[in-house]
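Have a look at it first, and then we'll go through some of its parts.

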Amino acid sequence: MIEINGVTKRYQTLVAIDDVSLKIIPGEVIGILGPNGAGKTTLFRLITGSLNPDSGRIQSIGQSWPTIGYKPERLLFPSDMRVRKYLSMMASLSNLRGKEAERAVQQGLANVDLLDAADKKIKQCSKGMRQRLALAQALIGKPSLLLLDEPSNGLDPEGQSDICRLIKQLQRRGITIVLASHQLAEVTQVCTHLLILNKGSIHYESSMQDALAERPHTSIEVDRELFSLTPLLESLHPEIEIKPESREIVLNHEAIALRPQVLSMLLSAGYDIIQIQQSYVTLAEIYAEAVN
Amino acid sequence: MLFALAFYLIFFDPRQQTPDTDYYILVLGLFGSIFAFLVTLSVAARANRAVHFPFLVRLPSRIEYLTSVMLASMAFTLGVQIVMGILAILANGPKFTVGQLAVIPPIWLAGMTLFIVLALHASDLVASGWSRVYVFGVLAILLYIQSGLGILAEGIAGLTDRLGNALLTQGWTTVANPLFSLGDWIVGAGSDLIQQFTGFIFWPFTSIASASVAGFFSVAQSFAPALLLIYATILFVLAADLFAAKDLYLTE
């Protein structure tokens, strides 16, 4: 769909985006994580064409430039306008007329659960409603690429899960989505691809599936502290980890294969097994490592 | 709107008879141009707000956005100008023949369009880097040359003469003589050349004014509004280029 090739963008001396390359493949939901000032919004503005790269290229792959729906991070609206009117205007800018425009507006309102607020002035809407309105306007005109800058910021938990549901629906309809967020749970839930930006450059990039399958480990919890058994267990494999005065043994990576051996050692030493858990690295850990 | 009202009351006081058709055409035409400039600055400032960012993203080309700013300014100015024109006719206004009425639209529209495009260059929406300084700097230089070239030329010629005399006293005749010649050229042929050039640039304005006063347009003068539109087109293309290539930092 879109290929970003070695793009750099500076604001005077500050390098906002530093030699970023990325392919946006149709149907993907790309989650962009990064601390404030990492360059997420700048990257969006480069894709929308409101900023020009200082070097590098942003080009469409194969087809014409996709129609873009953009939900900016800042919720700025013509505040005296009514919700329905605002969406109608967006529909007309997307070349929708008459019944078709009305249908698109109604669908947009329904998508974000704003039907009851359709005739309210925007200035009378709560922050959550404005967030939904911003999302609704981005969806008008059936864009093929949706850029969502912190879509669930300011929403209550129910609103956040509604947004997640909506994003999943949109993905099923084949809409490509690029989503910048600070909500790790949201990104884990909806994204198929993960990108971590820090100080303008990509520090981590992977499919979500691969990212969350990284570094598998098994933790075994026993009924009492391990004490004397600790050196014996640790001598089995360097990837076996036992915290001091702990009741938990963690088998990392290759050490997972030693699970039967460890279990039999524990049982023969008279320990009761409370819990065995197979887990993987969390997104929070990936993020923390990439950013720090 | 206050500006429009004040302008109307000062120049078309309903208690007095509006003197003549040329006064009506030129004064209201001037009003339209100045008002268009102010309106465009205001519309462009509104268009430069981040509120409109989602609109901009939807447009296939930024030029559409710029054109809409231009057309909005033109429509609003034209509306006010027409209202004022009708009021000025109804309240002791001059009597027009059809021929006189026919010359009004090209004159008003050409001036208005040019000033709208100039205002676009003055606005934050379009200006990029030093572009504003370049556009209005060139305009200021042309206006200065047009109005005060004689004084400027004599000043420069005086300078070259003094420098020539100083060099002559040192015996440097080979350098002094060309300086004297340069001084003569500046006040003579050089001034004429530059004045012809600036005269050509400002010819549409002077032509429209003199034709309106005379009450008829010669064949050459009838092209003056078209030339103004050509200026406006060139400046609009420049504005469109600047706007299309600039980084948009809309104000929040």
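Which strands of chain A does helix 9 lie across? We'll get to that once the ground rules are set.

## Ground rules

This is a predicted model, so to speak of local features a pLDDT of at least 70 is needed, side-chain atom pairs count only at pLDDT 80 or more, and totals for chains, interfaces and linings use all residues. Residues are numbered from 1 along each chain as its sequence is written, while chains are lettered from A and ligands numbered from 1 in the order in which they are written.

## The sheet in chain A and its helices

Back to the question: helix 9 (residues 259–268) of chain A lies across strand 10, strand 12 and strand 13 of chain A, running at about 10° to strand 10 of chain A. Helices (H or I, at least four residues) and strands (E, at least two) are DSSP runs, numbered from the N terminus. Angles run from 0 to 180 degrees between N-to-C directions, and axes are lines fitted to C-alpha atoms, for helices over the stretch in contact. Helix 8 (residues 229–236) of chain A lies across strand 11 and strand 12 (248–252), at about 155° to strand 11 of chain A.

The sheet itself is open, with 4 strands of chain A in the order 11-12-10-13 and antiparallel pairing. Strand 11 (240–242) and strand 13 (273–279) of chain A are at the edges with a single partner strand each, so one side of each has no neighbour in the sheet. Strands count as paired if DSSP finds at least two bridges between them; strand 10 (residues 217–222) and strand 13 of chain A pair over 6 bridges. There, His217(A) stands opposite Ser279(A) in strand 13 of chain A.

## Two helices in chain B

Helix 1 (residues 2–11) and helix 2 (residues 21–47) of chain B pack at an angle of about 165°, with axes 11 Å apart. The two helices of chain B are therefore roughly antiparallel (that is, over 145 degrees).

Their contact (C-beta atoms, placed from the backbone, within 7 Å) involves Phe3(B), Ala4(B), Phe7(B) and Phe11(B) of helix 1 of chain B, and Val27(B), Phe31(B), Phe35(B) and Leu38(B) of helix 2 of chain B.

## Where the chains meet

How many residues of chain A are in contact with chain B? There are 16, and they touch 13 residues of chain B. Strand 5 (68–71) and helix 2 (83–93) of chain A are the elements giving two or more residues to the side of chain A that touches chain B.

Conventions. Parallel < 35°, antiparallel > 145°, perpendicular 65-115°, else oblique. Contact = placed C-beta atoms within 7 Å.
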